[in-house]
Amino acid sequence: MNTYNRFPLCITRGKGARLWNDSGEMFVDAFAGVAVVNLGHSHPKVVSAIKKQVALLTHVSNWVYNDVQNAFAEKLVSACPRGLEKVFLCNSGAEANEGAFKLARKKTGKKKIVACVDAFHGRTFGALSLTWKQRYKEPFQPLAPGVAHVAYGDAEEIRKEIDNETAAVWVEPVLGEGGVLVPPDGFLKQVREICDEKEVLLVLDEVQTGIGRTGKMFACQHEGVVPDVICIAKALANGLPVGAVVSTEETANAFGPGDHGSTFAGGPVVCAAGLATLNEMEHGGWARKAGEAGEAMRSKLHKTLDGNKAVREIRGLGLLNGVELEQNLDARTVCERMLEQHVIATPVSHNTVRLTPPLVISKPLVEKVVEALENAVY
Ligand SMILES: *Cc1c(COP(=O)(O)O)cnc(C)c1O
């Protein structure tokens with residue numbers, strides 16, 4: 001079905017931060033398949049974990065335990081902020097938000113959610129209800145009632161919107177699809193304090209910011225904030241479909257058998273990929289390296305684009321970066337011009353070119369990305 005506005009490009013293989021098309025031409029990947037392939041394409045450790053597992057056991061369902069799911073869930077808890085210790089596995093970011101939505105309602109018995117302007121939480125009905133963009137929602141009404149959106153980055157706005165019917169506050173630590181918007185320092189910490197004071201749950205959607213993308217394993221760790229519930233997906237298994245809802249034991253206890261579930265979730269193969277991904281994230285120090293590479297990328301972007309009349313703002317955290325353009329130049333056009341130079345990047349909201357390469361991208365390739373962008377901004 002015609003649901004994607006695709007680039008005219010057919011990819012047949014990848015290695016690290018490089019991709020090749022069906023005529024053998026090489027492209028630099030500044031996208032990572034929507035911030036998913038954080039360890040790079042065809043990472044040898046992830047590939048070998050998948051190969052080994054697929055031959056041993058592919059699927060058993062959650063009617064029984066499987067050893068790899070246990071190992072992966074344990075590893076995931078150890079990578080999460082301390083206090084988050086119960087895991088529900090699913091298959092995508094939208095599903096992680098759906099699961100957290102049900103959990104928040106079940107835990108509190110309340111229906112109202114305070115979310116943010118420009119937020120993106122997924123395309124299924126619950127996740128879509130939490131999402132901001134009217135264009136995504138309008139044709140599919142009615143959605144879940146009770147979601148209020150307040151300005152992003154202003155904790156006082158959140159405080160004002162919370163009432164006795166509020167179950168949870170829903171926040172992305174950095175808005176990804178919403179245009180790579182980084183909130184002011186201290187925002188998450190303030191939101192945490194407000195949620196404690198008002199006794200509502202804090203749900204962080206780290207689907208895009210998680211797994212090292214912003215320079216920490218999870219973006220909330222920049223401010224030492226621990227949410228009640230965290231939603232994870234995208235890079236969790238370096239390209240295989242895995243999502244997770246991780247919460248405190250107290251919140252998780254609201255769910256009992258039958259409250260939620262999934263046939264495929266937590267399957268041995270995707271869990272083997274997830275386990276290998278988390279191990280390599282840790283051993284390779286990739287979160288810290290992403291922080292350093294991100295600073296280098298932004299400083300190079302400033303060097304080449306500051307003063308350019310078509311560029312409005314350069315912003316980001318770690319390797320989640322955006323270059324907002326002035327209204328007279330369309331971000332999609334700029335991305336098409338970058339593609340002509342064999343660099344893959346995509347537009348997001350606020351007329352912004354998003355740069356989210358694999359965290360393993362080398363310095364020369366970062367320079368190539370910035371040069372392609374420079375050449376495309378006219
Ligand atoms: C991509 C994304 C989602 C949705 O994930 P899917 O796997 O596409 O369902 C949810 N929240 C955030 C913050 C995202 O970036």
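## Cavity

The count comes to 1 cavity of 30 Å³ or more. This is a predicted model. The largest cavity has a volume of about 30 Å³.

Which residues line the largest cavity? One stretch of the lining is His 59, Val 60, Ser 61 and Asn 62, and Asn 66 and Gln 69 also take part. The lining also includes Thr 263, Phe 264, Ala 265, Gly 266, Gly 267 and Pro 268. By class, the lining of the largest cavity has 4 nonpolar and 8 polar residues, and no charged ones.

## Second largest pocket

The second largest pocket has a volume of about 1100 Å³. Its lining holds 31 residues. Closest to the centre of the pocket are Asn 62, Gln 69, Val 87, Phe 88 and Leu 89. Two of these names have come up already: Asn 62 and Gln 69 also line the largest cavity.

Which elements each supply at least two residues of this lining? They are α3 (67-79), β4 (86-90), α4 and β10 (243-247). The largest share comes from α3, with 5 residues. By class, the pocket lining divides into 14 nonpolar, 13 polar and 4 charged residues.

## The ligand and its shell

Next comes the ligand. Around the ligand stand Ser 92, Gly 93, Ala 94, Asn 97, Phe 120 and His 121, among others. The shell also includes Gly 122, Glu 172, Asp 205, Val 207, Gln 208 and Lys 234. Which helix gives the most to this shell? Helix α4 (residues 93-108) does, with 3 residues. Helix α4 also supplies at least two residues of the lining of the second largest pocket. By class, the shell has 3 nonpolar, 6 polar and 3 charged residues.

Some contacts can be given atom by atom. Gly 93 uses its backbone: an N or O atom there lies 2.8 Å from an oxygen atom of the ligand. Gln 208 uses its side chain, where an N or O atom is 2.8 Å from a ligand oxygen. Lys 234 also uses its side chain, with an N or O atom 2.6 Å from an oxygen atom of the ligand. How much of the ligand does the protein bury? Taken alone, the ligand exposes 380 Å², and the protein buries 82% of that.

Strand β1 (residues 11-15) pairs with strand β2 (residues 18-21) in the antiparallel sense, over 4 bridges. Within this pair, Arg 13 has Trp 20 in β2 as its bridge partner. β1 and β2 form a hairpin with 2 residues between them. Gly 16 sits in the turn and has a positive phi of about 60°.

β2 also pairs with strand β3 (residues 26-29). These two run antiparallel and are joined by 3 bridges. Arg 18 stands opposite Val 28 in β3, and the bridge partner of Leu 19 is Phe 27. β2 and β3 form a hairpin too, with 4 residues between them. In that turn, Gly 24 has a positive phi of about 85°. β3 is in turn joined to strand β13 (residues 343-344) by 2 bridges, and here the strands run parallel. Asp 29 has Ile 344 in β13 as its bridge partner.

## Strands β11 and β12

Strand β11 (residues 311-317) and strand β12 (residues 320-325) are antiparallel partners, with 6 bridges between them. Leu 317 stands opposite Leu 320 in β12.

How many residues lie between β11 and β12 in their hairpin? There are 2. Gly 318, in the turn, has a positive phi of about 60°.

## Backbone details

Two places in the backbone deserve a look. Where is the cis peptide bond with omega of about 5°? It joins Gln 141 and Pro 142. Pro 142 has its place in the loop between α6 (134-137) and β6 (147-150).

The other place is Ala 35. Ala 35 is not a glycine, yet it has a positive phi of about 55°. This residue lies in helix α1 (residues 32-35).

Methods
Residues are numbered from 1 along each chain as its sequence is written. This is a predicted model: local features need pLDDT of at least 70, side-chain atom pairs count only at pLDDT 80 or more; totals for chains, interfaces and linings use all residues. Side-chain values use heavy atoms; hydrogens and water are left out. Two strands pair if DSSP finds at least two bridges between them. A residue is near a molecule or strand if one of its heavy atoms lies within 4 Å of it. A polar contact is a pair of N or O atoms within 3.5 Å; within protein, one must be able to donate a hydrogen and the other to accept it, and residues adjacent in sequence count only if both atoms are side-chain atoms. Accessible areas come from the Shrake-Rupley method with a 1.4 Å probe; for residues, only the protein chains shown count as cover. Ala, Val, Leu, Ile, Met, Phe, Trp, Tyr, Cys and Pro count as nonpolar, Asp, Glu, Lys and Arg as charged, and the others, Gly among them, as polar. On a 1 Å grid over the protein atoms alone, a cavity is a set of points where a 1.4 Å probe fits but cannot get out, and a pocket is an open set with protein on both sides within 12 Å along at least five of seven lines; lining residues have an atom within 4 Å of a point. Grid points are joined across faces, edges and corners, and a volume is the space filled by probe spheres set on the points.
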